[in-house]
Amino acid sequence: MKELLYLKDEQLKHLIEKLFISYRETFSDSKKILNKYHIGLAHQKTIHLISMYEGISISELMRKLKVSKQSLNRVLKDLIKLEMVFFNKDETDTRIKHIFLNEKGKKIFKEIFEIQKKRIYNALLNSSSQEVLNFDEVLKRIING
């Protein structure tokens, strides 16, 4: 691992704090919408991934969320009860279920996305092209460890 000689612990602490606060603020923007539908952050993350990976399998969704089958089942039961998702069995292996958002699920996802998009869009709009590219690269490196 490269030594980050120019970054002191105090600077890293401030960076971690900014990551925490930016995460908190981005997700607090959607809180009113989540409350309106009586769902929480776990539901939002699940809806987001189902939207991004239409037809994702339950096992792949578990891997992406890094949750247990029990945790995911709790969220999926809520989404089924709210009539936001539907399942299709795999054509070659009927043990595999693929998850999709129905029209109601897509509508709710869009509401959440539109409010979050404002904050992200404004931040990117007020940044230079190089800052946006550098930010994206740094985020990828944080995600990949």
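Predicted model: local features only at pLDDT ≥ 70, side-chain atom pairs only at ≥ 80, totals over all residues.
## A tour from loop to helix

At 76% relative accessibility, K66 counts as exposed, because the cut-off for exposed is over 50%.

**Stop 1: H38**

Next, select H38, in the loop between α2 (31–36) and α3 (41–52). Is H38 buried or exposed? With 72% relative accessibility, H38 counts as exposed. Here too phi is positive in a residue other than glycine, with a value near 60°.

**Stop 2: T46**

Now go into helix α3 and select T46. T46 has a relative accessibility of 1% and therefore counts as buried, the cut-off being under 20%. Show the side chain of T46 and the backbone oxygen of A42: the side chain reaches that oxygen at 2.8 Å. Then display what surrounds T46. Which residues is T46 in contact with, leaving aside its neighbours within four places in sequence? They are L61, L65, L72, V75, L76 and L79.

**Stop 3: α3 against α6**

Two packed helices are described by the angle between their axes and the distance between the axes. Colour α3 and α6 and look at how they cross. Their axes come within 10 Å and cross at roughly 105°. The two helices are therefore roughly perpendicular to each other. To see the contact, select Q44, I47, H48 and S51 on the α3 side. On the α6 side, select G105, F109, I112 and Q116. Sorted by class, the residues of this contact are three nonpolar and five polar, with no charged residues.

**Stop 4: Q116**

Stay on helix α6 and keep Q116 selected. Is Q116 buried or exposed? Its relative accessibility is 11%, so Q116 counts as buried. Apart from neighbours within four places in sequence, Q116 is in contact with T26, F27, S30 and Q44. The side chains of Q116 and Q44 are joined by a polar contact of 3.3 Å. A polar atom of the Q116 side chain also lies 3.2 Å from the backbone oxygen of T26.

**Stop 5: α1 against α6**

Colour helix α1 (residues 9–28) and helix α6 (residues 103–125). At what angle do α1 and α6 pack? The angle is about 140°, and the axes are 8 Å apart. That makes α1 oblique to α6. Select E25, T26 and F27 in α1, then Q116, R119 and I120 in α6, which they meet. The residues of this contact divide into two nonpolar, two polar and two charged. Q116 takes part here, and Q116 was also in the contact of α3 with α6.

**Stop 6**

For the last stop, select helix α7, residues 129–144. How many residues does α7 have? There are 16 residues. Just after α7, select G145, where phi is positive at about 70°.

Terms used
Residues numbered from 1 in each chain as written. Heavy atoms only, no water. Axes fitted to C-alpha atoms, helices over the stretch in contact; angles between N-to-C directions. Helix = DSSP H or I, 4+ residues; strand = E, 2+ residues; numbered from the N terminus. Parallel < 35°, antiparallel > 145°, perpendicular 65-115°, else oblique. Contact = heavy atoms within 4.5 Å. Nonpolar A, V, L, I, M, F, W, Y, C, P; charged D, E, K, R; others polar. Expected span 1.5 Å × (residues − 1). Buried < 20%, exposed > 50% of the residue type's maximum accessible area, 1.4 Å probe, protein only. Polar contact = N/O pair within 3.5 Å; in protein donor to acceptor, adjacent residues only side chain to side chain.
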